[in-house]
Amino acid sequence: MLRSTSDPMAASGLPSDRAGRKALAIADLCTLRALPEPVIDEIDIHLTAFLRAAEARVRARAALRLAECPWAPREAIRALAFDAYEIASPILEQTHIAKQL
């Protein structure tokens, strides 16, 4: 896998950066198409753990991506919704997600 030198996360090997990369990759996977409920449940466990270990800027990017996804993993959405306002606002502004909280 090629890494961009312009992405500060790509150059760092810190655990929070690795967790952030994994969280964003899983968030992207979730937004591609609706996945079966058992798959979402399994993804949710890992995505939530990676989000908790990631930096705020990564959580904010994940929140933007997942806010537009009606089938986003619930626990991950809940964790983002109760994060700092800058992170939570995209989640809270989507009524279909806010109703699930």
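## A helical chain and its side-chain pairs

Cys69 is buried, with a relative accessible area of 2%. Here buried means under 20% relative accessible area, exposed means over 50%, and partly exposed lies in between (1.4 Å probe, protein chains only). This is a predicted model, in which local features need pLDDT of at least 70 and side-chain atom pairs count only at pLDDT 80 or more, while totals for chains, interfaces and linings use all residues. Residues are numbered from 1 along each chain as its sequence is written, and side-chain values use heavy atoms, with hydrogens and water left out.

A disulfide is a pair of cysteine sulfur atoms within 2.5 Å. The chain has zero disulfides by this rule.

**The overall build.** The chain has seven helices and zero strands. Both are DSSP runs numbered from the N terminus: helices are H or I, at least four residues, and strands are E, at least two. Of its 101 residues, 38% count as buried. A contact means heavy atoms within 4.5 Å. Among contacts between residues at least 6 apart in sequence, 62% join residues at least 24 apart. The accessible surface comes to about 6000 Å², and carbon and sulfur atoms hold 59% of that. Such areas come from the Shrake-Rupley method with a 1.4 Å probe; for residues, only the protein chains shown count as cover.

**Helix 2.** Its 18 residues should span 26 Å at 1.5 Å a residue, and its end C-alpha atoms are 26 Å apart, which agrees. The expected span is 1.5 Å times one less than the number of residues. Cys30 is one of the buried residues here; others include Asp17, Ala19, Gly20 and Leu24.

**Salt bridges.** A salt bridge is a side-chain nitrogen of Lys or Arg within 4 Å of a carboxyl oxygen of Asp or Glu. The chain has four by this rule. The table lists some, including the pair Asp28 and Arg65.

| Pair | Closest N to O |
|---|---|
| Asp28 and Arg65 | 2.9 Å |

Take the salt bridge of Asp28 with Arg65. Asp28 lies in helix 2 (residues 15-32) and Arg65 in helix 4 (residues 56-67), so the pair ties together parts that are 37 residues apart in sequence. Asp28 is partly exposed at 34% relative accessibility, and Arg65 is partly exposed at 28%.

Glu75 and Arg78 both lie in helix 5, three residues apart, about one turn of the helix. An α-helix has 3.6 residues a turn, so residues three or four places apart point the same way. Glu75 is partly exposed at 38%, and Arg78 is partly exposed at 27%.

**Confidence.** pLDDT is the predictor's confidence in each residue, from 0 to 100. The chain's mean pLDDT is 86, and 81% of its residues reach 70 or more. Over residues 1-9 the pLDDT is below 50, and beyond near neighbours in sequence this stretch has eight contacts in the model. Where pLDDT is low, the predicted coordinates should not be read in detail.
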